[in-house]
Amino acid sequence: MKHKTRIMNNLPILSDLRVFVLVARRAGFAAAADELGVSPAFISKRIALLEKALDVSLLHRTTRRVAITEDGERIYEWAQRILNDVDQMMDELSDARQAPQGTLRIVSSFGFGRRFVGPALSALALEYPALELRLDVSDRLVDLVSEGFDLDIRIGDDIAPNLIARKLAQNQRILCASPEYLQRYGTPKTLSELSGRACLAIKERDHPFGLWRLHGPQGEEAVKVTGGLSSNNGEIVHQWCLDGQGVALRSFWDVRESIENGWLVHILPDYYQPADIWAVYVSRLATSAKVRVTVEFLRDYFRQHYGEASLLSEYLARR
């Protein structure tokens, strides 16, 4: 009986398992502490208590980073399964109460996340106050599993088959330039002309750098573009395009207002790149109440605030 009591007293608490999983994902105490809003000393203490409870060494510590031990790898796999099961249990309970709750980590690109996803999540938080929402923005393609994200709100139709994707809105990437640029250099009449123009290349998530593949009258065509300015941030490229620095391939949702206000001109309108807006998540969250509610809310929010018909369809009908 004493042996069983000692074992029960040594069982790790869920919060310490969550701390350990986060440290393993971020490969450091400081990064984990920053995400949780606590001190690195607090993180170190919780890991030490977890190691004592499990009677194993979980991490190799160096001055700059930590590396997971062999025992730590096994515990990490178990911890993820345990925490996922607990989260699913809470999801099902909240679903039964019709009030989703818990933490939802969401990632989106810088521009779209700031201009569209952020305001939508603010409205979602008012509707479901028991949800804890965290939005990260990044212009690189994230690994949902290894980086611990629940939802990726992304632009682009190239989605891995092991992920679940729900379409939120129609969208395309289109070619545009400022009136000043076109006045100085003329309006391109063919796609091949872009290879000799100043083009604003961007490395953004699934968008290949310097190679634009577009659908046109003859099917898919590709053009290699170059220019004196390039970036990994879409908002910077948008501003350069407004400044008359060259031709940009940008999401319609990003440049719609600039085109409607006459600040940019949609050129070569027969060419486009499919780039719908998706909510993407892993299969284990297929029955998650908080994910389902969030996806449905975002789809309805975009439809309500940007027209019952898609913005793109309305624009193309007027063109």
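Residues are numbered from 1 along each chain as its sequence is written, and side-chain values use heavy atoms, with hydrogens and water left out. Because the model is predicted, local features need pLDDT of at least 70 and side-chain atom pairs count only at pLDDT 80 or more, while totals for chains, interfaces and linings use all residues.

Let me begin with the helices, which are DSSP runs of H or I with at least four residues; strands are runs of E with at least two, and both are numbered from the N terminus. Helix α2 covers residues 14-26, helix α4 covers residues 40-54, and their axes lie 9 Å apart at an angle of about 115°. Axes are lines fitted to C-alpha atoms over the stretch in contact, with angles from 0 to 180 degrees between N-to-C directions. The two helices are therefore roughly perpendicular, a term for angles of 65 to 115 degrees. In contact (heavy atoms within 4.5 Å), Asp16, Leu17, Val19, Phe20 and Val23 of α2 meet Ile43, Arg46, Ile47, Leu49 and Leu50 of α4.

I turn now to single residues. Arginine 154 belongs to strand β5, residues 151-155. Its relative accessibility is 6%, so arginine 154 counts as buried, meaning under 20%, whereas exposed means over 50% (1.4 Å probe, protein chains only).

Most residues other than glycine have a negative phi. Aspartate 55, not a glycine, has a positive phi of about 60°. Aspartate 55 sits in the loop between α4 and β1 and is exposed, at 68% relative accessibility. Leucine 268 also is not a glycine and has a positive phi, of about 45°; leucine 268 is buried, at 9%.

Conventions: Parallel < 35°, antiparallel > 145°, perpendicular 65-115°, else oblique.
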